[in-house]
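Good morning. Please look at the sequence and the structure on the screen while I go through a few points.

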Amino acid sequence: ALAAALREPFGRAAEAAAPSIRGSVHEVVGLGIGVRGLRAAVGELVVVHASAGPLPAEVVSLHPDGLTCLPLGSTAGVAAGDPVTATGKVSRVPAGPGLLGRVVDPLGRPIDGGPPLTDTEAVPLEIGAPNPLLRRRVDRALATGIRAMDTLVPLGAGQRVGIMAGSGVGKSTLLGMAVRGTVAPIRVVALVGERGREVREFLEDTLDAQARARSVVVVATADDPALLRLTAAFTATRIAEWFRDAGQDVLLVVDSVTRTAMAQREVALAAGEPPATRGYPASVFAMLPRLLERSGPGPTGSITALYTVLVEGDDLQDPIGDTVRGILDGHVVLSRALATAGHFPTIDTLESVSRVAPRITDRAQRA
């Protein structure tokens, strides 16, 4: 008991007495900040002490002459020679019941003007997907309240589905219908790279008061730095994982995974990675399964995930759409022809596939 009581104050004293090693900014090119004289690992947070105030950044690549860091804010005011210190920490975000009904940024900070968060705990942003042999099977339906989906493209609790469509055919509206109508008790929504004007419309018009009270909304607008836009989807997934591990059924909605991939492309190009397929570096296609495989069923609870995919020119074979479709457990295709005809929701039921439908429907429904 005495050792436990002394551990915390001695730990703080040891941390305060540790030598502080500082590097310095030697260049700012595009999105990246080049740092020399500092030892840090990829994924570690550093602090740039700029004239405008401390600027947190994350190490994204290592080079023989230093580090490349991406800031979690604007680089305005950063100058060559500014000191940089390593924190020795990785990104952590709050998770817990205290987030229900709240709107937060990609770092988990409230942006809805409400009180400080309570009843939450700080958890590491990056964790691995559940052991595949410990996952429960998807064997029961999860209603969304959307008749075309529940009848013809049914979702199972723990299934992951892509909403595939071009621009302007009703992806966001369809997601709002699913968040309002689902029977899942917890809803986590990530708005990635969204227009700032549409965030409030989504919260006030698409979600009713009852849905808001059971939802956590993570927002990264289009003007946020690339690293924040990328982090938003992982933050929402980590929050959903906390509720899943507590035994809850969660509906996770990410709008959109395409803008998440675009943010990863910006991060990778800033780190010096060469472009490959249609300008997307290889790390984009490594990031997608790392994100998408974290949802789904666990040993207890489940995350039923809906990911919107903005396909370029309505081409379902574009690199992101094709990769996502190969990872997920089904896809719902929205038709521009139906949208032009005024038929909403614009679900093309014959093009859509639910890979778990045979296990969650009976013979009569399939007939």
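**Overall surface, fold and a few local details**

The chain exposes about 16700 Å², and carbon and sulfur atoms supply 55% of that area. Accessible areas here come from the Shrake-Rupley method with a 1.4 Å probe, and for residues only the protein chains shown count as cover.

Before I go on, this is a predicted model, where local features need pLDDT of at least 70 and side-chain atom pairs count only at pLDDT 80 or more, while totals for chains, interfaces and linings use all residues. Residues are numbered from 1 along each chain as its sequence is written, and side-chain values use heavy atoms, with hydrogens and water left out.

Now the whole chain. It has 12 helices and 17 strands; helices (H or I, at least four residues) and strands (E, at least two) are DSSP runs, numbered from the N terminus. The radius of gyration is 22 Å, close to the 21 Å that the globule rule gives for 367 residues, so the chain is as compact as a globular protein of that length. That radius is taken over C-alpha atoms, and the globule rule is 2.2 Å times the number of residues to the power 0.38. Along the principal axes, the C-alpha atoms fill a box of roughly 70 × 55 × 40 Å.

How much of the chain is buried? Buried residues make up 50% of the 367 residues, where buried means under 20% relative accessible area, exposed over 50%, and partly exposed in between (1.4 Å probe, protein chains only). Among contacts (heavy atoms within 4.5 Å) with a separation of 6 or more, 70% come from residues 24 or more positions apart.

In α4, residues 196-206, the buried residues are Val-199, Phe-202, Leu-203 and Thr-206. Seen down the helix axis, they fall within an arc of 120°, so they line one face of α4; the arc is that of the directions from the helix axis to the C-beta atoms. What covers these buried residues? The cover includes α3 (171-181), β11 (186-194) and β12 (215-221). On the face turned away from the buried side, α4 carries the exposed residues Arg-197, Arg-200 and Asp-205.

Now some backbone details. The peptide bond from Asp-255 to Ser-256 is cis, with omega near 5°, and Ser-256 is in the loop between β13 (249-255) and α7 (257-270). The peptide bond from Phe-344 to Pro-345 is also cis, with omega near -5°; Pro-345 lies in the loop between α10 (336-340) and β17 (353-354). Asp-119 is not a glycine, yet it has a positive phi of about 55°. Asp-119 sits in the loop between β8 and β9 (121-124) and is exposed, at 54% relative accessible area.

Last, two residues and their neighbours. Pro-56 is in strand β4, residues 53-63, and counts as partly exposed at 35% relative accessibility. Leaving out residues up to four places away in sequence, Pro-56 touches Val-46, Val-47, Pro-71 and Leu-72. Leu-134 is in the loop between β9 and α2 (147-152) and counts as exposed at 54% relative accessibility. Which residue lies 164 residues from Leu-134 in sequence and 6.8 Å from it in space, C-alpha to C-alpha? That is Gly-298. With residues up to four places away in sequence not counted, Leu-134 touches Gly-298 and Pro-299.
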